[in-house]
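Visitor: I would like to learn how to read the features of a protein model, one at a time. Please give me the general idea first and then the case at hand.

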Amino acid sequence: MRRLLLVTAAASLAAIGVASSQDATMSFFVTSVGSGKGADLGGLAGADAHCASLAEAAGVTGKTWHAYLSTSDTDARDRIGTGPWFNAKGVKIADDVASLHSDANAITKQTALNEKGEVVNGRGDKPNRHDVLTGSEPDGTKIADQTCGDWTLSGAEGAAMTGHHDRTGLDDSAAAKSWNSSHASRGGCSQEALRSTGGDGLFYCFAVN
């Protein structure tokens with residue numbers, strides 16, 4: 001009887017270990033590349049498909065991916081599931097939506113990795129790529145007229161709110177250090193406009209399951 005209990009306990013511990021390992025697989029990343037067309041991502045559907053394609057190419061399958069992007073009728077915070085989320089190295093980014101949008105999140109240049117587990121260029125690197133498209137307020141809700149036509153524009157018109165994945169800007173203000181709501185793009189929604197302020201059309205991807 002005692003041996004049976006020990007075997008059962010060992011099996012339970014092993015199962016917990018496997019579950020923990022599975023839970024810590026990548027469920028958050030910054031895209032290594034954008035669409036190549038500035039803020040024209042093909043709308044939310046195109047952005048979600050881009051997330052899924054990059055994740056699968058990196059060997060992460062069986063997950064449903066959504067881009068952290070707001071539109072005129074959608075809040076980014078409502079698109080990303082309930083958490084917790086982990087980067088490609090197994091580091092926890094946040095437990096849930098509330099902690100993600102608080103000082104409790106663990107987003108830094110060292111943790112906001114791309115799907116390959118690589119650090120994304122930030123302020124001080126060449127080229128700087130720290131402007132990440134979000135279209136969102138700090139709490140993850142939509143911000144009026146700053147989604148580049150709901151992610152369909154790539155010219156001189158429109159603007160996109162961006163965040164700094166490296167939590168670094170021109171000063172020590174809250175906006176400069178914001179991962180999701182730092183400043184709007186200037187000069188439109190083209191790739192060139194995004195690059196002019198330190199971006200490259202990158203965005204955040206979260207697994208919703």
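Guide: Let us begin with burial: Phe28 is buried, with a relative accessible area of 0%, where buried means under 20% relative accessible area, exposed means over 50% and partly exposed lies in between, with a 1.4 Å probe and protein chains only. The model is predicted, so that local features need pLDDT of at least 70 and side-chain atom pairs count only at pLDDT 80 or more, while totals for chains, interfaces and linings use all residues. Residues are numbered from 1 along each chain as its sequence is written, and side-chain values use heavy atoms, with hydrogens and water left out.

Visitor: What share of the 209 residues in the chain do buried residues make up?

Guide: Buried residues account for 47% of the 209 residues. The chain holds 5 helices and 8 strands, which are DSSP runs numbered from the N terminus (helices H or I, at least four residues; strands E, at least two).

Visitor: How many aromatic pairs are there?

Guide: A pair of aromatic rings is described by the distance of the centres and the angle of the planes. Rings of Phe, Tyr and Trp (its six-membered ring) pair if their centres lie within 6.5 Å, and planes under 30 degrees apart count as stacked, over 60 as edge-to-face and the rest as tilted. By this rule there are 8 aromatic pairs. One of them is stacked, because the rings of Phe28 and Tyr204 have centres 6.0 Å apart and planes at 25°. This pair links distant parts of the chain, with Phe28 in strand S1 (residues 28-30) and Tyr204 in strand S8 (residues 199-207), 176 residues apart.

Visitor: Is Tyr204 buried or exposed?

Guide: Tyr204 counts as buried, at 0% relative accessibility. Turning to Tyr68 and Phe206, their ring centres are 5.8 Å apart and their planes stand at 45°, so this pair is tilted. Here too distant parts of the chain are linked, since Tyr68 lies in the loop between strand S2 (65-67) and strand S3 (85-86) and Phe206 in strand S8, 138 residues apart. Tyr68 is buried at 0%, and Phe206 is buried at 0% as well.

Visitor: Which residues do ring pairs link into a cluster?

Guide: The cluster consists of Phe28, Tyr68, Trp85, Trp179, Tyr204 and Phe206.

Visitor: Which residues does Ser27 touch?

Guide: Contact means heavy atoms within 4.5 Å. Not counting residues up to four places away in sequence, Ser27 touches Trp65, Pro84, Trp85, Phe86, Cys205, Phe206 and Ala207. Ser27 lies in the loop between helix H1 (2-23) and S1 and is buried, with a relative accessible area of 4%. A polar atom of its side chain lies 2.8 Å from the backbone nitrogen of Phe86.

Visitor: What volume does the largest pocket have?

Guide: On a 1 Å grid over the protein atoms alone, a pocket is an open set of points with protein on both sides within 12 Å along at least five of seven lines, and lining residues have an atom within 4 Å of a point. Grid points are joined across faces, edges and corners, and a volume is the space filled by probe spheres set on the points. The largest pocket has a volume of about 200 Å³. Of the 13 residues that line this pocket, the closest to its centre are His164, Gly169, Leu170, His183 and Arg186.

How values were computed
1 Å grid on protein atoms, 1.4 Å probe; cavity = no way out; pocket = protein on both sides within 12 Å on 5 of 7 lines; lining within 4 Å. Polar contact = N/O pair within 3.5 Å; in protein donor to acceptor, adjacent residues only side chain to side chain.
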